[in-house]
There are 4 protein chains.
Amino acid sequence: MKVLALLGSTRKNGNSEFLAKKIVDGTDHTVVSLADLHIEPIEDLRHSEGGFSPVDDDYEQLVQLMEEHDVLLFATPLYWYGMSGPMKNFFDRWSQYLRDERFNLKEELTKKKAYVVITGGSSAKIKALPLVQQFNYIFEFVNMEFADYMIGAGVKPGEIENDVAALEKAKRWNALFK
Amino acid sequence: MKVLALLGSTRKNGNSEFLAKKIVDGTDHTVVSLADLHIEPIEDLRHSEGGFSPVDDDYEQLVQLMEEHDVLLFATPLYWYGMSGPMKNFFDRWSQYLRDERFNLKEELTKKKAYVVITGGSSAKIKALPLVQQFNYIFEFVNMEFADYMIGAGVKPGEIENDVAALEKAKRWNALFK
Amino acid sequence: MKVLALLGSTRKNGNSEFLAKKIVDGTDHTVVSLADLHIEPIEDLRHSEGGFSPVDDDYEQLVQLMEEHDVLLFATPLYWYGMSGPMKNFFDRWSQYLRDERFNLKEELTKKKAYVVITGGSSAKIKALPLVQQFNYIFEFVNMEFADYMIGAGVKPGEIENDVAALEKAKRWNALFK
Amino acid sequence: MKVLALLGSTRKNGNSEFLAKKIVDGTDHTVVSLADLHIEPIEDLRHSEGGFSPVDDDYEQLVQLMEEHDVLLFATPLYWYGMSGPMKNFFDRWSQYLRDERFNLKEELTKKKAYVVITGGSSAKIKALPLVQQFNYIFEFVNMEFADYMIGAGVKPGEIENDVAALEKAKRWNALFK
């Protein structure tokens, strides 16, 4: 099983990255930090005459990566009770590439399994729930299985290492992906 | 009452913009389309030694605008069951400017009233609810009153003009702001 | 269009009842106050050998009423951030009657339209959202259209008469049902 | 630490009961099955002249039990995407006893810790989230710490024994309570 970990954090070595790396450790995987790529926001041209225009950024390599992996692992810190801005721009651009006939994204996504890692403060196990629900609607829309999620406790770097439940869950997912 | 309408759409003359303009019509107001500005994603340096660094983009003029108005009207289409990427980047940057001593944003936000306009397809009145909950957590965090919200039905340009309930609500808000 | 209004309140002449009566006024309708009926909690025998047993209470007349009407209007005050206990017992018993071959409830529900009225304090427009989501899942499960909902502001008797938005919405629904 | 497990199921030996019993095993605890008690629905008399009237049922012994324990463990199957009807009636009656001067419930609840166990089908890890949010609002209202929750997978009797994550979490809570 090939795992693509998409990191939403804008900080290096943060808590969501820590969990993501535990989860993919020793598996056949690719890790991409979205903040390291150039990803433009969507320009919503769904209802314009010519439709979407080509965009000169790094998005197309992400489309290829998604197509080549079996599991999509979305790891984001809870920023203002949602996914990070760079991850949001990543999803927004699906609107464009689901319609782009040079790719097969729409069909391919239906074969993937989605896993979600969210990290935040102690209130995140409640206040991240709208985000979990949003992810659920996203995956439902593209008909991709939402296999599981976890909400880890960690704000300052390293705090996540005290969240036994999150670490155990990471270990279980890791075993599954091996 | 001075109203600042912040538009999240990446399309001109869309449904959320239509409602926002009805709401502010004839009031003392400013309309800003976030997609027209250069807004960088947050670089999360909360836990770095030197803290945040200055960013060379258009954000500081937004901070000033927020401080100068009494009502903040957030208008966004439902993109992937959340606010648009540009609006998310806008909120993420609050983390930086709430700590920036050149401004008084943290204190000022507590005096504002927040209103939210979301537009989407017919399922939005259910599937936008996690986004409403997210807005609520955001406003709670900065101790700003979440005065009201509406979820309008409109995807293709102009569709919103058939949503009688949304138009009525826009009229009531408009009367309030005058 | 025949409207069945099911009232969940355990108080006479409360705010949710007030709205429900505005909504059905002048339509072909039946109003039932669930608290006036004898409705036992479900005894969950889905996985028992003999299945469910007959229950000696008033539930079967509710099954007949549901079958005979086109619109089901559920009106409940927000009690502890959910529907009232009597209304919850009402739904729980669906588990029994959806399987009861003397009735045609499962098939019939798919033809109805559901409308929901919730009333509560000023925080209800946010804190009733989990209940709206629960209603949505309920109606999805039985494949019944969730046509619309409203969250009115009113705790003490009569307060709802100040909620202009709720009254307007009630009027629109009323026109629809006539 | 004394643990009071309140079971909401209307079935004996179901999945939520199984988890609850694992959690309290070997601790100083009391288990109460709400469906075995006579609990009347609330009669909402908050705004009536004389206020609430005494009710001849088993509720007062529950008030005493809550006061005498440190941890309140609420275990309910997901019935129609909410807590069971008997558990809902249990909470509704708090409205009465928080005002009853013969008890000290309002003050006492602020000292307790709440834990929640929900069990349901495979979709419960998403579709139980509104219920988790409801529990959160309930505990916030009475100013009681919402320490943790779990959503276990099990519908038919015994299925929960395959949910490794739930069993592990039960073990961790059990260690905490000993």
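The model is a predicted one. Over all chains, the structure holds 52 salt bridges.

- Three residues stand out here: A:Trp80, A:Tyr81 and A:Tyr137 supply 27% of the area that chain A buries against chain B, more than any other three residues.
- There are two salt bridges between chain A and chain B.
- In one of them, the side chain of A:Arg11 meets that of B:Asp44, with 3.7 Å from N to O.

**How the two copies are related**

- Chain A can be superposed on chain B by a rotation of 180° with 0.0 Å of shift along the axis, giving an RMSD of 0.0 Å.
- That is the relation of a two-fold axis.
- Which residue of chain A comes closest to the rotation axis? A:Pro130 does, with its C-alpha at 2.2 Å.
- The copies meet through the same surface, because 100% of the interface residues of chain A are also interface residues in chain B.

**Salt bridges to look for**

- Side chains of opposite charge can pair when their charged atoms come close.
- In chain A, A:Asp100 and A:Arg102 form a salt bridge whose closest N and O atoms are 2.6 Å apart.
- A:Asp100 counts as buried at 16% relative accessibility, whereas A:Arg102 is exposed, with a relative accessible area of 56%.
- In chain D, D:Glu17 pairs with D:Lys21 in a salt bridge, and their closest N and O atoms are 2.7 Å apart.
- Both D:Glu17 and D:Lys21 lie in helix H1 (residues 15-24) of chain D, four residues apart, which is about one turn of the helix.
- D:Glu17 is buried, with a relative accessible area of 9%, while D:Lys21 is partly exposed at 41%.
- Chain D also has a salt bridge between the side chains of D:Lys111 and D:Glu108, at 3.2 Å from N to O.
- Is each of these two partners buried or exposed? D:Lys111 is exposed, with a relative accessible area of 51%, and D:Glu108 is buried at 15% relative accessibility.
- Shared partners can link salt bridges together: A:Arg11, B:Asp44 and B:Arg46 are joined into one network.

- H3(A) is mostly covered, with eight of its eight residues buried.
- Among these buried residues are A:Lys88, A:Phe90, A:Phe91 and A:Asp92.
- Within chain A, the buried residues of H3(A) pack against strand S1 (2-7), helix H2 (59-68), strand S3 (71-77), H4 and H7.
- The buried residues of H3(A) also pack against helix H3 (85-92) of chain B.
- In chain D, D:Lys88 is found in helix H3 (residues 85-92).
- D:Lys88 counts as buried, at 2% relative accessibility.
- Leaving out residues up to four places away in sequence, D:Lys88 touches residues of chain C, including C:Tyr79, C:Trp80 and C:Lys88, as well as D:Met83 and D:Gln134.

**A hidden serine in a loop**

- A:Ser84 sits in the loop between S3 and H3 of chain A.
- A:Ser84 is buried, because its relative accessibility is 0% and buried means under 20%.
- Beyond its neighbours within four places in sequence, A:Ser84 is in contact with A:Gly8, A:Thr76, A:Pro77, A:Tyr79, B:Lys88 and B:Asp92.
- A:Ser84 and A:Val155 are 71 residues apart in sequence, and their C-alpha atoms are 14 Å apart in space.

Notes:
Residues numbered from 1 in each chain as written. Chains lettered and ligands numbered in written order. Predicted model: local features only at pLDDT ≥ 70, side-chain atom pairs only at ≥ 80, totals over all residues. Heavy atoms only, no water. Buried area = accessible area lost by both parts, 1.4 Å probe. Salt bridge = Lys/Arg side-chain N within 4 Å of Asp/Glu carboxyl O. Buried < 20%, exposed > 50% of the residue type's maximum accessible area, 1.4 Å probe, protein only. Helix = DSSP H or I, 4+ residues; strand = E, 2+ residues; numbered from the N terminus. Least-squares fit on C-alpha atoms with pLDDT ≥ 70 in both. Contact = heavy atoms within 4.5 Å.
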